[in-house]
Amino acid sequence: YRDWYRPADTAAVRRRHGVPATAHLTVAAGLIRPYKRIPQLVAAFAEAALPDEYLLVAGPCPDPAQRAAVESVARTCPRVRLP
């Protein structure tokens, strides 16, 4: 995927999404599709994450129902970030 995405300024990304510089950040990047089970990923993260762990779900979601499902489960954990 290196050819698909331009390098990011990780400090700027963390600031933009309110993630502390020392926190562990996991990123789920790419097009959000039902077969990827992103709502289940977010739910598992919300249940298992430690206080210094964050999840950033970054990618377009062309399906409004899928986007609503991701947003709904993301609201259950304040350390989940959506663009």
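**Strands, helices and a pocket**

Guide: Strand 2, helix 3 and strand 3 make a right-handed β-α-β unit. This is a predicted model, where local features need pLDDT of at least 70, side-chain atom pairs count only at pLDDT 80 or more, and totals for chains, interfaces and linings use all residues. Residues are numbered from 1 along each chain as its sequence is written, and side-chain values use heavy atoms, with hydrogens and water left out.

Visitor: Why is the unit of strand 2, helix 3 and strand 3 called right-handed?

Guide: View it with the strands pointing away from you. A crossover is right-handed if the path from the first strand over the helix to the second then runs clockwise. Strand 1, helix 2 (residues 38-48) and strand 2 also make a right-handed β-α-β unit. Helices (H or I, at least four residues) and strands (E, at least two) are DSSP runs, numbered from the N terminus.

Visitor: How do you know that strand 1 and strand 2 pair?

Guide: Count the bridges. Strand 1 (residues 24-29) and strand 2 (residues 53-58) have 6, in the parallel sense, so they count as paired. Leu25 stands opposite Tyr54 in strand 2.

Visitor: What makes strand 2 and strand 3 a pair?

Guide: They have 2 bridges, also parallel. The cut-off is at least two, so they qualify. Leu55 has Val80 in strand 3 as its bridge partner.

Visitor: What is the order of the strands in the open sheet?

Guide: The order is 1-2-3, with parallel pairing. Strand 1 and strand 3 stand at the edges with a single partner strand each, so one side of each has no neighbour in the sheet.

Visitor: Which strands does helix 2 touch?

Guide: Helix 2 packs on the sheet and touches strand 1, strand 2 and strand 3. Contact means heavy atoms within 4.5 Å. The direction of helix 2 makes about 170 degrees with that of strand 2. Axes are lines fitted to C-alpha atoms, for helices over the stretch in contact, and angles run from 0 to 180 degrees between N-to-C directions.

Visitor: Why is Arg75 called exposed?

Guide: Exposed means over 50% relative accessible area, buried under 20%, and partly exposed in between (1.4 Å probe, protein chains only). Arg75 has 64%, so it counts as exposed. Arg75 sits in the loop between helix 3 (64-74) and strand 3 (80-81).

Visitor: How do you know whether Arg15 is buried or exposed?

Guide: Its relative accessible area is 62%, so Arg15 is exposed. Arg15 lies in helix 1.

Visitor: Which residues of helix 1 are buried?

Guide: They are Ala12, Val13, Arg14 and His17. Strand 1, strand 2 and strand 3 are among the elements that cover them. Just after helix 1, Gly18 takes a positive phi of about 70 degrees.

Visitor: Which element gives the largest share of the lining of the largest pocket?

Guide: Helix 1 does, with 5 residues. Helix 1 (10-17), strand 1 and strand 2 each supply at least two.
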